[in-house]
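Thanks for coming. Please have the sequence and the structure open.

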Amino acid sequence: MAPLSRSPRRFRGDARFAVGIVLVLASIAGVWFVLTSSDQAVPVLQARRTIVRGEVLRATDFETVDVALGAASDEYLRPDQLPSGQVAVRTLTEGELVPRTATATASDSRTTTVVVESSVGLPEDVAAGTEVEIWQAPLREDGRSYDEPRILVGDVVVRAVLEPEGLLAENAAELEIVIDRSDVAAVLAAVTGGAALSVVPVGAGS
């Protein structure tokens, strides 16, 4: 008696059944991946506001958010990894996660703050966190006129705008700026020498 052979129809039915099983397993695997990825979320610090370079970091400046960053999670600060005395080495924008490389101890920071007065007022777009250049027009020997303007220091960040009050404040404004410590002497010399200082946002036309 000849052996029975599986009919083509039976074979096609088995193939469809196998494909269906594979699709179900793939769907289960996808759901499992999403759930396990959510379980791997870690708490990291997020800036509540814009923090400028050189500013001392405080716990109240941040909130904790749970984010699934995978292998990159170790590159960001967690709530228990912000010791006192840390400063921002670059500007952190509001809502930004805080990288470890964006902070340093105050003793390691190369920046400090100085208050200067802009003799010609400020452009409207200058605010805390704005990158600017400080220009100076040195006072001539006659004590009444000024030399040609020139850049005094670049790579400066505005920490705060302190607009003075009174009748003489219409065309002047004071700023607290974050500068490299190596530039402090030149800025103070310009101030004490009576130079007229101007603030120009980086990228603005001269």
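Which residues have the most contacts inside the largest nonpolar core? They are I134 and I177, in a core of 18 residues. Before I go on, this is a predicted model, so local features need pLDDT of at least 70 and side-chain atom pairs count only at pLDDT 80 or more, while totals for chains, interfaces and linings use all residues. Residues are numbered from 1 along each chain as its sequence is written, and side-chain values use heavy atoms, with hydrogens and water left out.

A nonpolar core here is a set of buried Ala, Val, Leu, Ile, Met, Phe, Trp, Tyr and Cys residues joined through side-chain atoms within 4.5 Å. Buried means under 20% relative accessible area, exposed means over 50%, and partly exposed is in between, with a 1.4 Å probe and protein chains only. Helices (H or I, at least four residues) and strands (E, at least two) are DSSP runs, numbered from the N terminus. β7 gives the largest share, four residues.

Back to I177. Setting aside neighbours within four places in sequence, I177 is in contact (heavy atoms within 4.5 Å) with T112, T113, V114, V116, I134, V156, V157 and R159. There is also a second, separate core of 11 residues, and L57, F62, A88 and A102 are among them.

Now the sheet. In what order do its five strands lie? The order is β5-β8-β7-β6-β9, in an open sheet with antiparallel pairing. Two strands count as paired if DSSP finds at least two bridges between them. At the edges are β5, residues 111–118, and β9, residues 196–201, each pairing on one side only. On average, neighbouring strands are turned by 45° against each other, direction ignored. For angles, axes are lines fitted to C-alpha atoms, for helices over the stretch in contact, and values run from 0 to 180 degrees between N-to-C directions.

β6, residues 131–137, runs antiparallel to β9 and is joined to it by six bridges. Within that pair, A137 stands opposite A196. Helix α2, residues 184–192, packs on the sheet and touches β5, β6, β7, β8 and β9. The direction of α2 makes about 20° with that of β5.

Elsewhere, strand β1 covers residues 42–47, and five of its six residues are buried, so β1 is largely enclosed by the rest of the structure. β1 pairs with β2, residues 62–67, in the antiparallel sense over six bridges. V44 in this pair stands opposite V65.

Last, the charges. How many salt bridges does the structure hold? There are nine, where a salt bridge is a side-chain nitrogen of Lys or Arg within 4 Å of a carboxyl oxygen of Asp or Glu. One of them joins E63 to R48, with the closest N and O atoms 4.0 Å apart. E63 is in β2 and R48 is in the loop between β1 and β2, 15 residues apart. E63 is partly exposed at 31% relative accessibility, and R48 is partly exposed at 45%.

Another salt bridge is between R49 and E55, at 2.6 Å from N to O. Is E55 buried or exposed? E55 is buried, with a relative accessible area of 10%, whereas R49 is partly exposed at 31%.
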